Amino acid sequence: MPFPADVTYPPLDTLKDVAPDVWIVDSGPIRPAGLALPLRMTVIRLPDGSVWLHSPTRWDGRLQGQLEALGRIHFFVAPNVAHWAFLKEWQERVPGAATFAAPGLRERPQVRGSGVRLDHDLNDAAPQRWGGTIEQVLVPGGLGFKEVAFFHRPSRTLVLTDLIQSLEPEKLPLATRLFARATGVAAPKAQPPAYLRLALRLGGAPAREAIERMIALAPERVIFAHGLWFERDGTARLREALG
């Protein structure tokens with residue numbers, strides 16, 4: 001049975017303005033474990049004109065044209081061990097871009113067998129290539145969880161992936177609606193799903209310190225991959241979501 005079209009946030013696979021030099025691309029649905037989830041990529045243009053893609057969504061020729069109109073695509077970022085599935089599509093069409101991956105991603109059997117190229121591992125310090133513009137925070141947890149958060153200083157935009165989710169129940173098919181309610185991410189709630197809350201608790205002091213660092217950055221907005229992101233009041237809503 002096809003998933004309902006409105007699980008996503010149209011128009012899809014097209015640039016949407018967020019702030020100066022920051023855009024999002026809504027896509028999906030993706031179907032992990034039989035669910036139907038919206039998916040979002042974040043795009044940042046660096047001061048030298050190069051384009052940075054966070055959690056690339058499915059490749060689309062028109063979208064690639066829009067991105068290349070901004071500048072040359074230099075960077076692909078796989079920010080955690082779950083968000084890498086569309087990398088190969090983009091690598092084949094933009095072979096000169098470098099791929100930066102979350103710690104542990106290259107060890108996953110699915111990744112090793114996929115043909116995806118991972119050029120560099122991310123850590124708690126931003127690479128020199130974007131460190132003057134984008135700050136990053138490695139959020140560690142138990143159960144193998146690691147996610148790298150990114151803060152675009154000029155626009156005060158925090159970019160997360162799965163660390164916060166907020167899924168609108170009325171947009172979801174039954175199984176996904178039940179998942180959202182069971183894991184605590186049915187809007188208006190916005191927080192890590194239950195299994196990630198557990199992983200963060202198991203992460204202990206390092207996870208708490210990483211969360212405190214993100215809040216201390218005082219973002220104006222917080223973008224994440226699934227559901228309703230924080231277009232305003234970013235610091236207060238981040239504190240509430242991760243409190």
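Me: At what angle do helix α6 and helix α7 pack, and how far apart are their axes?

Reply: In this predicted model, helix α6 (residues 204-216) and helix α7 (residues 234-242) pack at an angle of about 165°, with their axes 9 Å apart. Axes are lines fitted to C-alpha atoms, for helices over the stretch in contact, and angles run from 0 to 180 degrees between N-to-C directions. Helices are DSSP runs (H or I, at least four residues) and strands likewise (E, at least two), numbered from the N terminus.

Me: Why are α6 and α7 called roughly antiparallel?

Reply: The angle is about 165°, and angles over 145 degrees count as roughly antiparallel; α6 and α7 are therefore roughly antiparallel to each other.

Me: Which residues make the contact between α6 and α7?

Reply: Ile-211, Met-214 and Ile-215 of α6 meet Thr-235, Leu-238, Arg-239 and Leu-242 of α7, where contact means heavy atoms within 4.5 Å. By class, there are 5 nonpolar, 1 polar and 1 charged residues.

Me: Why is Asp-13 called buried?

Reply: Buried means under 20% relative accessible area (1.4 Å probe, protein chains only). Asp-13 has 9%, and is therefore buried.

Me: What polar contacts does the side chain of Asp-13 make with the side chains of Ser-27 and Arg-58?

Reply: The distances are 2.8 Å to Ser-27 and 2.9 Å to Arg-58. A polar contact is a pair of N or O atoms within 3.5 Å; within protein, one must be able to donate a hydrogen and the other to accept it, and residues adjacent in sequence count only if both atoms are side-chain atoms.

Residues are numbered from 1 along each chain as its sequence is written. Local features need pLDDT of at least 70, side-chain atom pairs count only at pLDDT 80 or more, and totals for chains, interfaces and linings use all residues, while side-chain values use heavy atoms, leaving out hydrogens and water.

How values were computed. Buried means under 20% relative accessible area, exposed over 50%, partly exposed in between (1.4 Å probe, protein chains only). Angles under 35 degrees count as roughly parallel, over 145 as roughly antiparallel, 65 to 115 as roughly perpendicular and the rest as oblique. Ala, Val, Leu, Ile, Met, Phe, Trp, Tyr, Cys and Pro count as nonpolar, Asp, Glu, Lys and Arg as charged, and the others, Gly among them, as polar.
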